[in-house]
Each structure stands twice: as C-alpha cells, then as structure tokens.
Amino acid sequence: MNWINNYVRPRINSIFSRREVPENLWSKCDECGTMLFHRELSDNLNVCTQCGHHMAISPRDRFAGLFDGGIFVEIDVPQPVTDPLGFKDQKKYPDRMKAAQKKTDEKEAMLIAEGDIGRTPIVAAAQDFSFLGGSMGMYVGNAIIAAAERAVELKRPLILFSAAGGARMQEGILSLVQMPRTTVAVQMLKEANLPYIVVLTHPTTGGVTASYAMLGDVQIAEPNALICFAGPRVIEQTIRETLPEGFQRAEYLLDHGMLDRVTPRTELREELITIVRMLMKKSPAIKGDLPAPGAQFDDTPA
Amino acid sequence: MTHYLDFEKPLAEIEGKAEELRAMARQNEDMDIEDEAKALDRKAEQLLKELYQTLTPWRKCQIARHPERPHCQDYIDALFTEFTPLAGDRNFADDHAVLGGLARFNDTPVIVIGHEKGNDTKSRIERNFGMARPEGYRKAIRLMEMADKFGLPVVTLVDTPGAYPGKGAEERGQSEAIARCTEKCLQLGVPLVSVIIGEGGSGGAVAFATANRVAMLEHSVYSVISPEGCASILWKDAEKMREAAEALRLTAQDLNKLGVCDHVIAEPVGGAHRDRAATIEAVKNAISGMLADMANSKPKALIQDRRKKFLDMGSKGLAA
C-alpha cells in the first residue's frame, strides 16, 4: 500500500493535473471561440489565426511588434496632480487607479516611445483600453503633448494608436479640457510639417474621437473597430430604433468617408512604414530581413 | 405662470398664497389683505434668498436647465444690434440648434455664435433642444473663418445638453466636426470670448468654449458628462445624479477655482429667469470687459494666449 500511496498516486495525480492547462497558456477568441495557443496568438499580434478577429493588445506588446527588433525607448510623461477633484463615486478614484495599475502593470492609460520602424525614426503613442477603459485624463493629455513635443524636437512623425471609452469622468472638467489640450499638441506637429498618423483601434469613442483621434493627416482603423462619438446604446435609447448592421464600425466609417483606410493589424507595420517614408520624402523601404537595429545605414535620398 | 423647480415647492406655496389673497381682494373691495400679502411677499423673498444661498450642485444643474432661463436668442436680441443670421455649413444642411451670424456689440462688428434651446414645444423641436449635429459645428467653423479673415472678434454663447446622439449625426462625422471646431477655435487670430449661459454639456460645449476668456453665469454648469449620465455609469443608477453632480465639480465656482472659468457673472437672487434684464446686462458687462482686455492684442499673441491657457489648465487641481 505504501508503494501505491507514495508513488503511484502522486504519479497519477501529476499526470492529471498536468492536463489541467494553466489558464494563461490558451486564449479563447472572443469572436469565433477557437482556442488559441498564447505564443501563436501573440506572434500574430493578438489577431485570431482562425477568423482574423482583432483582440485587444497592450501598448507594450504593440510597440514590441511595431519597432525594429522590438526595441523602443519610453518617453517620460510629466506627472499631473493625482485625483485633482478628490473624486469619489462608489469607490475612491485613487483606489480605482491603484486597481488599474495592479491589473495592467502600467502607470497610466498611455505609453509613449521613440524608436525606428523599418529604419524610419518615429515617435509613437498607444492608448491602453484595459487601463480604466483607456480613458483620457490629464495624464493622457500630458502624454500626447510630450509625444508631440518630442516628435517636433527630433523632427519625426508621430503615430498614435487610439483606444478609449472617452474622457475620464473622475477628473471632471479637467478631462474635458484635454480635448483642446491634445488639439494643441496636434497643431504643434502641423506647424512643424510633421506627419501625424492616427490608427483607431477598438474601441475609440467619446471625447477622444472628438479630438486628437480624428485630426490625423492619415486616418487608419483596424478592422471592425468601434469608432464613434456617442455609443450605439446611447443612440438606440435616444432615437428608439435599431441601428443598421455594422453601424459605427471601421468599415462603415470608411464607407461614409470618415477614414482613409481599414488595415489589418498584421499588415499595419508595413503600411505605416510605407506611408511615413513617403510623407518624410525618404527612399522606399527595403523589403525583407533588416540588419540588426543600430547598424549604420544611410537612407536619406541621394 | 412661473415654473417652479422641485426644491422651490415651499416657495411656490407662499407665493401662491399671496397671489390667492390678492385675487380675492380684487373681487371683494372691502377686504384689506395688503398687510398680510406683503408679509407673505417678505417671507417668500427671505426663503428665496435662503434657498439660493446654499444651492447644491444638482440644484444648480436644475437652474441651468430652467425653461424660463434666458437663452441665446434672448441675449442676441438684447445685446447685439444689426444681428444678421448666417446659415448653413455649405455641405449638407443648416443646423437650427446653432445660431450664428454677423452683429454689432457696442457698435463693433463681431461674429456671434451660440446654442439655442427654444422656448416652447415647437421651437424646442426645431432647435433640437440645443443639441447640435455636425452641421452646427461646421457652420461655426465657417463663421469663425470669416471672423478671422475680416478681423472680427468672436463671441460664443454656450447652452447645450451636449452633441446630438443620433444616427445621421454619427454618420456625418459628429466627432470629426467637434474636433475641427475645437481646432478652429485654437487657430483664431482674433479675440474669442465665451459665456456659458446655461448648460455646458461636454464636447458640444468645449467646441465653442475653447476661448481666450471663458465666463460663466453664477448658476450655470459645465461638465464632461451630465450628472445623470455619470451616475448611470459609475453608480449604475441614474437616480444618483445628486451625488454625481457633487463629485463632478461642475459649478461655475468650482470651475473658477480650477482655472477653467475666468469670470463668474453674478445672477439675480432666484436665478437668471427671475430678472432677465439684470442678467442680460451683467452678461453684457462681462463680454465688454473680456473684449476690452484683448482689444490691442496681435493675432499671434491671441493664439499663443489661448494655447497657453489650455496647456496650463488643471496643473494644480482644486487644491490651487
């Protein structure tokens, strides 16, 4: 019995427990329900390999896939006053912030960085929907201003990936005034004749859509992304009728003339390189494997 | 017939009694009720003062939305001469929720733009309750460009529950229109002054109020979201609007502390609607003062001033 107890049972247990797959190894596609192996999914930039559905991607993972060799340098964002209004609903705002920071392992809802894409120097900003719905408060405003200032300083284009439920209510009017504040940032780029490219990702709504996310020189959206000012539920409640299929989705906006392009995430990097290089009057990008980042390469037109 | 707000019920009773007494006296000449009626008047006046001295943020929202509150058209009629409405966005339609055109203010030609809510069922529907569609912002952009071209100051009067959440408005680019209007405000080489006369609702308001100077009437409000909307999202209960109004800090007084509003315009006791003429006069003085401040500013300086105002905004929070 000892042999069974001490050896066989644990062996059997370990075999069975091994079959209990740790949760984080597999993800289920929100759309088609296919189980996707995590490495396969992240290699495909969180796009379902079966149905092409675009799942959320963190700014850090997006940058890792965007920049040459996954190398980028974060740009510091001036820290605004925390909890400027002393806001409390059912929870205190600082508690909501702490929970979001713990959940995402990020400081706030936007990450800004500089680096190269296809050996083209850029500044990039990406919004994090998993951080309090990507909501735009003073930090996000400061981040966009800092990104624009850095782009102007380095004479680089700014590529911004938007994702937000809108303004951050817990900062009240100070979230609303991020609309003009971020518009000033866009103007800085325009005055310096630097490209400002917006990639609208799922979802981009409210005050974010009604400010910097709609002011790009080129407006690209990821497939099926919800892009709107007022959300579909609000509209249905107001007009009391069902909305058409695909309403406020990227393809619908493209049809209505509100976007330049709808591009799958897996093709986005190449497209951004192509567009940015043309706008910056650089020679065409060289296709194929690139030398390691940091390698000297003269790409200015002759 | 005065429209009483829910918290004014006790006042309605007293004023109603005084009115009843006077009506009785009119029918019966022998009755001497004047002393009694006057006592009631004094009591009502006292109560009104008390009620309005300690208004909660939610009550201020109610006053800001008061149906008898002077609206954009009232200010235009009283404060501007030769008002010449200019219509249309040259793309799709004319938005009746937004009034705009050439006018003279103290004899100086200006462009005036504002949200109009309407005063009765018919005009409210026509004005879409002051909720602009993309065409409204695009009309405003067009008028601002005209102002810039001819060097005319721009005065905006803000009074909107927010941008209209409709199917067509979304299809025609509500967000883009608001973003471009805010952008246009920031590009103007002429003075831009804004008065929030009632409700400053979210993006619909900021698109007109990205100004060099922003004044607010004492009982007007300006917020990122309506208290009801905020309550339904954060409290999961739209009935918690009182708490939400409190938390959002949407009163003119709080916004003044936050540096979002430069100037609070005092209202008569009992709110703007109880003495429209006095309110309109106070707004006139505020606009005159703000425009005079910038009378000699050069276009570049005006643009820089506006930018800096917004870049610096909120850097200290309420603690400032």
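## A buried pair of rings

B:Y137 and B:F208 are both buried, where buried means under 20% relative accessible area, exposed means over 50%, and partly exposed lies in between (1.4 Å probe, protein chains only). This is a predicted model, in which local features need pLDDT of at least 70 and side-chain atom pairs count only at pLDDT 80 or more, while totals for chains, interfaces and linings use all residues. Residues are numbered from 1 along each chain as its sequence is written, chains are lettered from A and ligands numbered from 1 in the order in which they are written, and side-chain values use heavy atoms, with hydrogens and water left out.

## Aromatic rings

Rings of Phe, Tyr and Trp (its six-membered ring) pair if their centres lie within 6.5 Å; planes under 30 degrees apart count as stacked, over 60 as edge-to-face and the rest as tilted. Over all chains, that gives 8 aromatic pairs. One of them joins B:Y137 and B:F208, edge-to-face, with 5.9 Å from centre to centre and 65° between the planes. This pair links distant parts of the chain: B:Y137 belongs to helix 6 (residues 134–150) of chain B and B:F208 to helix 9 (residues 202–209) of chain B, 71 residues apart. Helices (H or I, at least four residues) and strands (E, at least two) are DSSP runs, numbered from the N terminus.

Over in chain A, ring pairs connect A:F63, A:F67 and A:F72 into a cluster. Back in chain B, a ring meets a charge: the charged end of B:R133 sits over the ring of B:Y164, 4.6 Å from its centre. To count here, NZ of Lys or CZ of Arg must be within 6 Å of the ring centre and within 35 degrees of the ring normal.

## Salt bridges

Side chains of opposite charge can pair when their charged atoms come close. A salt bridge is a side-chain nitrogen of Lys or Arg within 4 Å of a carboxyl oxygen of Asp or Glu, and the count over all chains is 37. B:R22 forms a salt bridge with B:E34, their closest N and O atoms being 3.5 Å apart. Because B:R22 lies in helix 1 (residues 9–27) of chain B and B:E34 in helix 2 (residues 34–53) of chain B, the pair ties together parts that are 12 residues apart in sequence. B:R22 also meets B:D41 in a salt bridge, at 2.7 Å from N to O. Here too the link runs from helix 1 to helix 2 of chain B, with the two residues 19 apart. How exposed are these side chains? B:R22 is partly exposed at 21% relative accessibility, B:E34 is partly exposed at 32%, and B:D41 is partly exposed at 32%.

Another salt bridge joins B:K308 and B:D312, with closest N and O atoms 2.6 Å apart. B:K308 counts as exposed at 52% relative accessibility, and B:D312 as partly exposed at 38%. Both residues lie in helix 14 (residues 299–312) of chain B, 4 residues apart, about one turn of the helix. Elsewhere, salt bridges that share partners join A:K190, B:R138, B:E176, B:R180 and B:E183 into one network.

## Strands of chain B

Strands of a sheet pair through backbone hydrogen bonds, either parallel or antiparallel. Two strands count as paired if DSSP finds at least two bridges between them. In strand 6 (residues 213–217) of chain B, 4 of the 5 residues are buried, so this strand is largely enclosed by the rest of the structure.

Strand 6 pairs in the parallel sense with strand 5 (residues 192–201) of chain B over 4 bridges, and B:V195 has B:A215 in strand 6 as its bridge partner. Strand 6 also pairs in the parallel sense with strand 8 (residues 263–265) of chain B over 3 bridges, where B:M216 has B:V264 as its bridge partner.

## The sheet of chain A

Chain A has an open sheet of 7 strands in the order 3-4-5-6-7-8-9, with mixed pairing. Strand 3 (73–74) and strand 9 (261–262) stand at the edges, each with a single partner strand, so one side of each is left without a neighbour in the sheet. Strand 3 runs antiparallel to strand 4 (residues 110–117) of chain A, joined by 2 bridges; A:V73 has A:E114 in strand 4 as its bridge partner.
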